[in-house]
Amino acid sequence: MTQKRIAAIHDISGFGKCSLTVALPILSAAGVETSVVPTAVLSTHTGGLPGFTYRDLTEDIRPFTQHWKSLNLTFDAIYTGFLGSFEQLELVKEVFDMFRSKETLIMVDPVMADNGKLYSIFSPEFAVGMRSLCEKADIIVPNITEAALLTGESYCEGPYNQDYIESLMKKLSAIGTKQIVLTGIYFDEDELGAATYERDSGKIEYAFAKRVPGFFHGTGDVFGSALLGALLNGFDLRQAAQIAVNFTANSIQRTFEAKTDVRFGVNFEQSIPAFLRDLGLV
């Protein structure tokens, strides 16, 4: 069987587990050849770690990918995460057009907000630009806050009710995306997980694991990378979401038990063996 190959378009932080720092090892562990387009280089991630350095790589994205095109490279998937500007959004659309084929899965994690608030570096107009990027995706992976911004709906605090979640999913489908995975869902204090939506069938399904109290940085990137790894190993959307939920929950649990500084990210590395068992690779 031919090895799957993806292009991951994210920033990279020297310290703090998020973005490419987690996408590359998780996808590689899943048996997926992972090529990267770094959009920026930071000394640390930006969540609660002051004084970080930041080097913008916007000018490198087009020549980077044009070189790939000259080599006739093809990709089974393109996966985008944090994008820091409108210019990067437009460049990534070009990359989609450059490498898309009938077999290419395009997955967009519309990283821009959490806990009811847009990230401070973004203006409200950025959500409109992100929506235009999501229109070109096959699958999007927003959290509740991002989903509200993409649809123009009001953000609600959890615990959620099923009507709110399913209404939000259907409104997200109006963007035109074939599949949606909505993260950060809980109906009670005991479980946390994700909802999946298939536009063609209209089917909504859920994937949950035991909820661990607290807020942990980088879990969205851990979840998204595990989700894509499972999809590229032949699992359907609901199965892939459950595998990603389990992997993320295990990583959070390890971090919680070790009392690690939550700003540093979660211990996904020692959860990889269980992840590979779920994928049927060991």
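# Briefing: sheet, helices and aromatic pairs

Arg 211 is placed over the face of Tyr 186, 3.9 Å away from the ring centre. The model is a predicted one.

- Strand β1 (residues 5–15) runs parallel to β4, and the two are joined over 4 bridges.
- β4 also pairs in the parallel sense with strand β5 (residues 105–108), again over 4 bridges.
- Together, β4, α3 and β5 form a right-handed β-α-β unit.

- Tyr 79 has Ala 8 opposite it on one strand and Met 107 of β5 opposite it on another.
- Ile 78 is likewise placed opposite a residue of β5, namely Ile 106.

**Helix α1**

- The buried residues in helix α1 (residues 20–29) include Leu 20, Val 22, Ala 23, Ile 26 and Leu 27.
- These residues lie on the same side of α1, because they cover an arc of only 160° around the axis.
- An α-helix has 3.6 residues a turn, so residues three or four places apart point the same way.
- The packing partners of the buried α1 residues are the strands β1, β2 (33–44) and β4 and the helices α7 (219–231), α8 (237–258) and α9 (272–279).
- Just after α1 comes Gly 31, with a positive phi of about 85°.

**Helix α9**

- Ile 272, Phe 275, Leu 276 and Leu 279 are the buried residues of α9.
- Viewed down the axis of α9, the buried residues fall within an arc of 95°, so they line one face of the helix.
- These buried residues pack against α1, α7 and α8.
- Gly 280 follows α9 and has a positive phi, near 75°.

- Ser 19 is located in the loop between β1 and α1.
- The relative accessibility of Ser 19 is 5%, so this residue counts as buried.
- When residues up to four places away in sequence are not counted, Ser 19 touches His 10, Asp 11 and Asp 221.
- Thr 34 belongs to strand β2.
- Thr 34 counts as buried because its relative accessibility is 15%, and the cut-off for burial is under 20%.
- With neighbours within four places in sequence left aside, Thr 34 is in contact with Ile 6, Ala 8, Leu 24, Leu 27 and Ser 28.
- Between Thr 34 and Tyr 197 there are 163 residues of sequence separation and a C-alpha to C-alpha distance of 26 Å.

**Aromatic pairs**

- A pair of aromatic rings is described by the distance of the centres and the angle of the planes.
- Trp 68 and Phe 99 are both buried.
- For Phe 82 and Phe 122, the centres are 5.8 Å apart and the planes are at 35°, so the pair is tilted.
- Phe 82 is in the loop between β4 (77–80) and α3, and Phe 122 is in the loop between β7 (117–118) and α4 (125–134), so their pairing ties together parts 40 residues apart in sequence.
- Both Phe 82 and Phe 122 are buried.
- A cluster of Phe 64, Trp 68, Phe 75 and Phe 99 is linked by ring pairs.

Definitions and conventions. Residues numbered from 1 in each chain as written. Predicted model: local features only at pLDDT ≥ 70, side-chain atom pairs only at ≥ 80, totals over all residues. Heavy atoms only, no water. Buried < 20%, exposed > 50% of the residue type's maximum accessible area, 1.4 Å probe, protein only. Phe/Tyr/Trp six-rings, centres within 6.5 Å; stacked < 30°, edge-to-face > 60°. Lys NZ or Arg CZ within 6 Å of the ring centre and 35° of its normal. Pairing = 2+ DSSP bridges. Right-handed = clockwise from strand over helix to strand, strands pointing away. Arc of directions from axis to C-beta. Contact = heavy atoms within 4.5 Å.
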